[in-house]
Protein chains: 2
Amino acid sequence: MGLLPVAVDAMGGDDAPNSVLAGVRLAVERNIPVVLVGPPEQISTLKDADGLEVIAASEVIAMGAEAASSVRKLKDSSLVRAAEAVRDKRASAMVSAGNTGATMAASLLKMGRVRGVARPAIATPIVVPGRSWPNVMLDAGANAECSAVWLVQFAQMGAVYCRDRWGVQVPRVGLLSNGEEAGKGSLLAKEAFALLQDIAWQQRTAATFVGNVEGCNLLENVADVIVTDGFTGNVALKTAEGVAKQIVGALLEAFDSSEDARAGAKLLNTALLPLYEEFSPDSVGGAILLGVRGVSIISHGSSSPEALANAIQVAHELAERDTVGSLHKVLSPESPR
Amino acid sequence: MGLLPVAVDAMGGDDAPNSVLAGVRLAVERNIPVVLVGPPEQISTLKDADGLEVIAASEVIAMGAEAASSVRKLKDSSLVRAAEAVRDKRASAMVSAGNTGATMAASLLKMGRVRGVARPAIATPIVVPGRSWPNVMLDAGANAECSAVWLVQFAQMGAVYCRDRWGVQVPRVGLLSNGEEAGKGSLLAKEAFALLQDIAWQQRTAATFVGNVEGCNLLENVADVIVTDGFTGNVALKTAEGVAKQIVGALLEAFDSSEDARAGAKLLNTALLPLYEEFSPDSVGGAILLGVRGVSIISHGSSSPEALANAIQVAHELAERDTVGSLHKVLSPESPR
């Protein structure tokens, strides 16, 4: 392979470092090169760490910590060191299941932006039942306030990512709005609609704009990339997760509410298992910060070892395919890298 | 009772007028006075219309028609005549399961705004599993672009409605944002947060501001009223509906996927029925347009007769309790009605 290892934040995630190490172990079994980032003395005591390279980092940014100030202050934190490893070409990519805001801030501060990109955005996959690839929604929360021009860049970045990761050759881009008709939208959405209709960016990106999509379309096969500002995207994503969690919680309670129900649930097990897998956040994988000069993947804090191994594998593959280079070509075609 | 009848748009809804008449019949059986609005010759042929008063309206605004222009052009439409009936005190309230935008436009044009209200808003109930009343979210789509001052008015209107309809004496108001911390939000959300913290409106309204809530809180018992702009509210609502529909669709398919699954589903029937009822949109009822000088309820186009009867009953009760008068008192305490 010869490729650099993926830097994995050993200290990020709900049960770090143990949960992280279990995921890393799975990734290593798939022959993906990994370098752990964290306190060596803490990591070395863990069985799963046997034989793994470690980049030393003595500090940890907590899950709830304020992002920007933590990254500035905790210079020897695992997150900051992981981002520096990518910048310094000691690692091909980074993965963290820790503090989302701090991962973003560390990546932006240490790796810098891809030339031509105004603002990096978080791209999150959303399962489309019955389709082998998800919808990619961005921005899922990096920029609460956006301009219409940024939304066009999000469309470009989302399309490049969708092509590199899922092989969709000419991704369809939809604009999240409050109605499918062309005239619908906030001022921002209407302005973005007008810019997205321009054929020039579509040709340069090899993508097509399919118009407005609505909240009810997020899990539907009406587009491949869905663009919106980070405020709306974050609300939509958390609403979808919240509703799914509420329904699943109510179902599980019902399944265990009587002898009959338990017997019924047992009979349904085979039929429900694929459904569970389809809707599980683990199967679509983590979010990615697009627009920084390096692959930076943000996993759920509650990622299973399997989910984290998948995230590490995706990070490795995107580095291999030089997705950052593709972003540069599409967003800044004239300037040298 | 002596109260005026509720004007019901006979021509609004997916299977109008038949579906509407079935709902009206149920409402009449509950001793709620109703007047139908629609073409008398078409209504008189229906068995369910026996003995019901009719306000003649020869035109119909189609479900997909452009709202504002339809309301201006189709002066003899059932929607416009229903709104006029409320304005002219021939009806206490109106209910339509037809074109949402046109119901809004007709209500605003014919009834006018409550004094002091900058913009009417659509308030939609969202089920909170395990709690006997829903969260009220507004604006769910009337105003794609909002000011922070309007959001405070939405909070006031939502609180009055929540108290009148569900008896919550001091409703808790949350602001929909992309994080629960005080500093999170778009420029609009941050500005609204600052205004909502002001104790004066809370005292005048008998409500309390509980800070930011997130998309994942929409179905949770963290507030009673959730305010947002109509763009974000519409996206969140449609996302919630879309996710619920996708999961329920996938479940029903799984339940019918094999002999075992069918047997299991049968055993689970008793346990799942209350859950189905809890999450059904029929049980929380339709949306209401708050801020116009009359009660105007917007039901789902696919409302069951039971759901429509509930909407008619709610309209009747809100007219009886003079919710519009309460809105006036809270929003314009100094000026005469």
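**The interface between chain A and chain B**

In this predicted model, 47 residues of chain B are in contact with 46 residues of chain A. Together the two chains bury about 4,100 Å², and carbon and sulfur atoms give 74% of that area.

Chain B is superposed on chain A by a rotation of 180° with 0.0 Å of shift along the axis, at an RMSD of 0.0 Å. The two copies are therefore related as by a two-fold rotation axis. Both copies use the same surface, since 98% of the contact residues of chain B recur in chain A. Within chain B, the residue that comes closest to the rotation axis is B:G264, with its C-alpha at 1.9 Å.

Turning to packing inside the chains, helix α6 takes part in both of the pairs described here.

In chain B, helix α6 (residues 148-166) and helix α7 (residues 187-196) have axes that come within 8 Å and cross at roughly 55°. An angle between 35 and 65 degrees is neither roughly parallel nor roughly perpendicular, so α6(B) and α7(B) are oblique to each other. The crossing of α6(B) past α7(B) is right-handed. On the α6(B) side the contact is made by B:A148, B:V149, B:L151, B:V152 and B:A155, and on the α7(B) side by B:L188, B:E191, B:A192, B:L195 and B:L196. Sorted by class, this contact of α6(B) with α7(B) has nine nonpolar residues, one charged residue and no polar residues.

In chain A, helix α6 (residues 148-166) also pairs with helix α13 (residues 323-331). Their axes come within 10 Å and cross at roughly 140°, which makes α6(A) oblique to α13(A). The angle stays under the cut-off of 145 degrees, over which a pair counts as roughly antiparallel. α6(A) passes α13(A) in a right-handed crossing. From α6(A), the residues A:Q153, A:Q156, A:M157, A:V160 and A:D164 meet A:T323, A:S326, A:L327, A:V330 and A:L331 of α13(A). The residues of this contact of α6(A) with α13(A) comprise five nonpolar, four polar and one charged.

Methods. Residues numbered from 1 in each chain as written. Chains lettered and ligands numbered in written order. Predicted model: local features only at pLDDT ≥ 70, side-chain atom pairs only at ≥ 80, totals over all residues. Heavy atoms only, no water. Axes fitted to C-alpha atoms, helices over the stretch in contact; angles between N-to-C directions. Helix = DSSP H or I, 4+ residues; strand = E, 2+ residues; numbered from the N terminus. Parallel < 35°, antiparallel > 145°, perpendicular 65-115°, else oblique. Left-handed = near helix turned anticlockwise from the far one by under 90°. Contact = heavy atoms within 4.5 Å. Nonpolar A, V, L, I, M, F, W, Y, C, P; charged D, E, K, R; others polar. Least-squares fit on C-alpha atoms with pLDDT ≥ 70 in both. Buried area = accessible area lost by both parts, 1.4 Å probe.
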